[in-house]
Amino acid sequence: MNGPLYSTGWIGEEASLIFALAIGIAFGFFLERAGLGSAKKLAAQFYGKDLTVFKMMFTAIITAMIGAFWLNYFGFLQLELVYLTPTHIAPQVIGGLVFGVGFIVGGYCPGTSCVASSTGSLDGLVNVFGMFVGILLFGELFPFLEAFYNSTSLGQITLVEYLGLPNGVLVFVLVLVALLGFWISELLEAKNNSTGAA
Amino acid sequence: MMNINLSQLSFNEKLAACAFLLSFLAMVASVSTPNTPANQSNKPSYVTVLEMAHWIKNREEVQLIDLREKALFDEFHVPTASHVPLTDLLDAAFDPQKKIVLYAGKETHEIQAWLSLTGVGHAEVHILRGGAYDWHQRILYPKLPKVVTTNAEALVSEIKKLTNFYGGRVEYVNSDSVLNYYSENKASREIISRKNKARLVRMGC
């Protein structure tokens, strides 16, 4: 957990696990209800037939971004205390590619494979098994990968700092990009589902 | 746009309109009031262990504060540091004329302390990047290259002098990359015990 209550020592490790469990159950529930427990639905996005995942992810991002901006603006949230995953360009590009290949071959991303397994899906279970094998392999090979893992570091950087723009401008630009993306994806879905034989 | 009846919009379109409006206001708010503290990200100021080593050596007026647990402070701390628990920070009496440098074991604690001290009006507060760990690894027991390029000569002799001054020992290695730390402005990551490792991994996802 990297939530503020844990990092600042307000709650202990045990309590943080209870929070994590509650948040995890809610996360899984809403993923499943959004239909993301189905490999067909997930794979359909790569054929441009169903872009639910893209729309859901981008909605989550802009919702959280707008929330974080206004909470920070009115002083309820200190953005400096929010943990940022450090940026490492090359390892993250490779990681993204591996992730994408796994996603299109397996039909799930890590979270949704757990969601699918909880509904009893066998291919979901196979994905979860593969994920743990991957974690084990990575852990064992880490000494050989460490140099690459830490290479091309930009530190804990945000787009705001990188581009030198005011926070709000970037919020607006990203929301515009998201809305444009939603619009285009709906057009794509309509086109592919009307012409496709399925 | 003005004449559209709200009830004609689908739920998703209403949500999209909300997002548009809120983000537009966000842009207006941050462009019109660029200097309000709540709007800008409030970046802490950092000093490197190298700068700090010079400050202590030159007897500059610095109040160095160690925010870690007492046991860790007793085991090892940066010279001249005094131990102040995070909870007592605002009660401690600091000389307003002297600059304050602080470090803790956790980045969140350092930033918290930095925010509260600048919040009560201390003008010059810095965070010692990397804290006691980097002091130990980069000033007291630094690794330096065996073969020094002409560009790095000044830096290497500077570090050697400081290591001698503080009573440490240099280890010579066959690599230039050990010097990168001093120009990267990034704390080295402490991966010693299993416990820390597990914690680091958990920060990831």
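**Entry 1: a leucine on chain A**

I looked up Leu97(A) and noted a relative accessibility of 57%, so this residue counts as exposed, the cut-off being over 50%. Leu97(A) belongs to helix α5 of chain A. I record here that the model is a predicted one.

**Entry 2: the patch around Leu97(A)**

I then asked which residues make the nonpolar surface patch of about 1000 Å². The patch consists of Ile89(A), Val93(A), Ile94(A), Leu97(A), Val98(A), Phe148(A), Leu154(A), Leu159(A), Tyr162(A), Leu163(A) and Leu165(A). Two elements of chain A, α5 (89-106) and α8 (159-163), each give two or more residues to this patch. The most comes from α5(A), which gives five residues.

**Entry 3: confidence**

I checked the scores next. The model has an ipTM of 0.70 and a pTM of 0.61. For chain B the average pLDDT is 80, and 83% of the residues reach at least 70. Over residues 191-205 of chain B, pLDDT stays under 50. For that stretch the model has 16 contacts beyond four places in sequence.

**Entry 4: the sheet of chain B**

In what order do the five strands of the open sheet in chain B lie? I read the order as β1-β5-β4-β2-β3, with parallel pairing. At the edges stand β1 (46-47) and β3 (82-83) of chain B; each has a single partner strand, so one side of each lacks a neighbour in the sheet. I noted as background that strands of a sheet pair through backbone hydrogen bonds.

I followed one pairing in detail. Strand β2 (residues 62-66) of chain B runs parallel to strand β4 (residues 99-103) of chain B, and five bridges join them. Within this pairing, Ile65(B) has Leu102(B) of β4(B) as its bridge partner.

**Entry 5: helix α2 of chain B and what follows**

I asked which residues of helix α2 (residues 49-57) of chain B are buried. They are Val49(B), Leu50(B), Met52(B), Ala53(B), Trp55(B) and Ile56(B). After α2(B) comes Arg59(B), which is found in the loop between α2 and β2 of chain B. Is Arg59(B) buried or exposed? Arg59(B) is exposed, because its relative accessible area is 76%, and exposed means over 50%.

**Entry 6: another positive phi**

I also looked up Thr80(B), in the loop between α3 (70-75) and β3 of chain B. The phi of Thr80(B) is near 75°, again a positive value in a residue other than glycine. With a relative accessible area of 56%, Thr80(B) is exposed.

Terms used. Residues numbered from 1 in each chain as written. Chains lettered and ligands numbered in written order. Predicted model: local features only at pLDDT ≥ 70, side-chain atom pairs only at ≥ 80, totals over all residues. Heavy atoms only, no water. pLDDT = per-residue confidence, 0-100. Contact = heavy atoms within 4.5 Å. Patch = residues over 30% accessible without salt bridge, like charges linked within 9 Å, V, L, I, M, F, W, Y side chains within 5 Å. Areas by Shrake-Rupley, 256 points an atom, 1.4 Å probe, with all protein chains shown as cover. Salt bridge = Lys/Arg side-chain N within 4 Å of Asp/Glu carboxyl O. Helix = DSSP H or I, 4+ residues; strand = E, 2+ residues; numbered from the N terminus. Buried < 20%, exposed > 50% of the residue type's maximum accessible area, 1.4 Å probe, protein only. Pairing = 2+ DSSP bridges.
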